[in-house]
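Work through the two exercises below with the sequence and the coordinates at hand, and try each task before reading its solution.

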Amino acid sequence: MIEVRDCRKAFADRVVLDGLQFTVARGETYGLLGPNGAGKTTAISILCNLLDADDGVVMINGSPVCEATKFTVGVVPQEISIYKDLTCRENMLFFGKVYGLREPERTERVNELVRIFHLEEYTRAQVSKMSGGWQRRVNIAVALVHSPAVLILDEPTAGLDVEARYELWELIESLQSQGVTILLTTHHLDEAERLCSRIGIMQNGRIVAEGTLDELRKLVPARQLAVVETGDEESLLKRASSLGWDHRRYGGKLTLLLPREFALREIIETLDDVPVTSISLREVGLEHVYMEATAQE
Ligand SMILES: Nc1ncnc2c1ncn2[C@@H]1O[C@H](COP(=O)(O)OP(=O)(O)OP(=O)(O)O)[C@@H](O)[C@H]1O
Ligand SMILES: [Mg+2]
């Protein structure tokens, strides 16, 4: 449904997309991750025909991106992009019209979205008077008004409270079960782990690691991690090195990369001659893959 091949984009002499390449199959949820400024939003703007690429192939459902492909795509931009002076209902009706919905389908669709998003209380509320999280919900409802086959969400849960985030995850899962193809960016790695069938980690305008979570885990040269606190780091690292164990610092915490799974007792015994104040064993997660992939550049 989405194909981006060798996509390039520069603003003046600043290269923002540098051979970006990824595809999203029908019904798949693809997560685009990457640090601030990696080029995620720029890529989305190109996919939505809001910005032209300098070079490369960008296709939606087999057609090069153009005005017509906009009807296949629903987008929730990073910044709230609905009319704040209008009510929530007026926004949905307006965008329904923009996307060519006729009456009575348009009103029926808006009523359905009001139900799905629990917006009953807010239909008459001016968007500017709603909280940021509720505005975001309305923005997502608006993106779905024309029942698009592809939904693009740029940091959909930024600024949402915990409950609203969980609700949105459930909503995304229900869209997944309806076969909607989803492209989403997020800085919440737990969100990507839960929702995405495949993940692309972007840096400096291109994908530096890609795959399912299991495939990505293999990029970390460890079967298990041991987060260790010690008063004598030098001795610990010397011991680890003599065992052939590499190490990293994830979020400032010294972490040993273990070549196989260990029981806690085994690790404690192995590090017996080193002053260690705490050890905790952890599975390799997306957080570690992300650090590995973005550190390589
Ligand atoms: N219209 C523009 N003119 C000039 N530079 C731009 C423009 N839009 C984006 N950029 C630059 O392109 C780079 C990538 O920006 P982009 O918004 O795509 O990053 P991002 O991955 O979405 O980051 P974030 O995680 O912060 O949302 C940044 O350095 C940004 O300053
Ligand atoms: Mg962005």
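The exercises that follow concern the domains and the nonpolar core.

The model is predicted, with local features needing pLDDT of at least 70 and side-chain atom pairs counting only at pLDDT 80 or more, while totals for chains, interfaces and linings use all residues. Residues are numbered from 1 along each chain as its sequence is written, and chains are lettered from A and ligands numbered from 1 in the order in which they are written.

**Exercise 1.** Determine which elements supply the side of domain 1 that touches domain 2.

*Solution.* Begin with the division of the chain into domain 1 (2-211) and domain 2 (224-295), where the bounds come from an automatic or database domain assignment. The centres of the two domains, taken over C-alpha atoms, are separated by 39 Å. Next, take the contacts (C-beta atoms, placed from the backbone, within 7 Å): 9 residues of domain 1 meet 6 residues of domain 2. On the domain 1 side, α6 (189-195), β9 (198-203) and β10 (206-211) each supply at least two residues, and α6 gives the most, with 3 residues; helices (H or I, at least four residues) and strands (E, at least two) are DSSP runs, numbered from the N terminus.

**Exercise 2.** Identify which residues touch the most other members of the largest nonpolar core.

*Solution.* The core is a set of buried Ala, Val, Leu, Ile, Met, Phe, Trp, Tyr and Cys residues joined through C-beta atoms within 7 Å, buried meaning that 20 or more other C-beta atoms lie within 10 Å of a residue's own. Among its 76 residues, Ala43, Leu47, Met92, Ala141 and Ile152 touch the most other members. Helix α4 (residues 132-143) provides the largest share, 6 residues. Finally, Ala141 touches Met92, Leu113, Phe117 and Leu119, not counting residues up to four places away in sequence.

Notes: A residue is buried if 20 or more other C-beta atoms lie within 10 Å of its own, exposed if 12 or fewer, and partly exposed in between; C-beta atoms are placed from the backbone. Two residues are in contact if their C-beta atoms, placed from the backbone, lie within 7 Å.
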